[in-house]
Amino acid sequence: MTRDEVKAMLEEIGVKAEELGERAIEKIQEKVDSEKEKLDTETRREVRKFWIIVSVVSFFIGAGAGRLFF
């Protein structure tokens, strides 16, 4: 079944694909917000520090590998 066929079928039953996408995004946002609420401020700060360090180290590893191969 192609994407257009699915859209046509959804339109026949009265559901718009854009509405489904918006509802999915809302549910995902609600889930992310609820998970963030479970963490206290100090834990979120520690997690943020960890991912900043991981990002910086990964960038330099990627830049070094790029320099070696290109």
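Me: Where in this predicted model is confidence lowest, and where is it highest?
Reply: Confidence is lowest in helix 1 (residues 3–12), with a mean of 72, and highest in helix 3 (residues 41–69), at 93. For the protein, the mean pLDDT is 83, and 89% of the residues reach 70 or more.

Me: Nice. What makes up the secondary structure?
Reply: The protein has three helices and zero strands, and along the sequence the pattern reads α-α-α.

Me: How many aromatic pairs does a search of the whole structure find?
Reply: The search finds two aromatic pairs.

Me: Why is the pair of Phe50 and Trp51 called edge-to-face?
Reply: Happy to walk through that one. The ring centres of Phe50 and Trp51 are 5.0 Å apart, and rings pair if their centres lie within 6.5 Å. Their planes stand at 75°, and over 60 degrees counts as edge-to-face, so the pair of Phe50 and Trp51 is edge-to-face.

Me: And why does the pair of Phe59 and Phe60 count as edge-to-face?
Reply: The centres of the Phe59 and Phe60 rings lie 5.4 Å apart and the planes are at 70°, so this pair is edge-to-face.

Me: What makes Phe59 count as exposed?
Reply: Exposed means over 50% relative accessible area. Phe59 has 56% relative accessibility, so Phe59 counts as exposed. Phe60, at 57%, is exposed too.

Me: How much of the protein counts as buried?
Reply: Of its 70 residues, 1% count as buried. The accessible surface comes to about 6700 Å², with 61% belonging to carbon and sulfur atoms.

Notes. Residues are numbered from 1 along each chain as its sequence is written. This is a predicted model: local features need pLDDT of at least 70, side-chain atom pairs count only at pLDDT 80 or more; totals for chains, interfaces and linings use all residues. Side-chain values use heavy atoms; hydrogens and water are left out. pLDDT is the predictor's confidence in each residue, from 0 to 100. Helices (H or I, at least four residues) and strands (E, at least two) are DSSP runs, numbered from the N terminus. Rings of Phe, Tyr and Trp (its six-membered ring) pair if their centres lie within 6.5 Å; planes under 30 degrees apart count as stacked, over 60 as edge-to-face and the rest as tilted. Buried means under 20% relative accessible area, exposed over 50%, partly exposed in between (1.4 Å probe, protein chains only). Accessible areas come from the Shrake-Rupley method with a 1.4 Å probe; for residues, only the protein chains shown count as cover.
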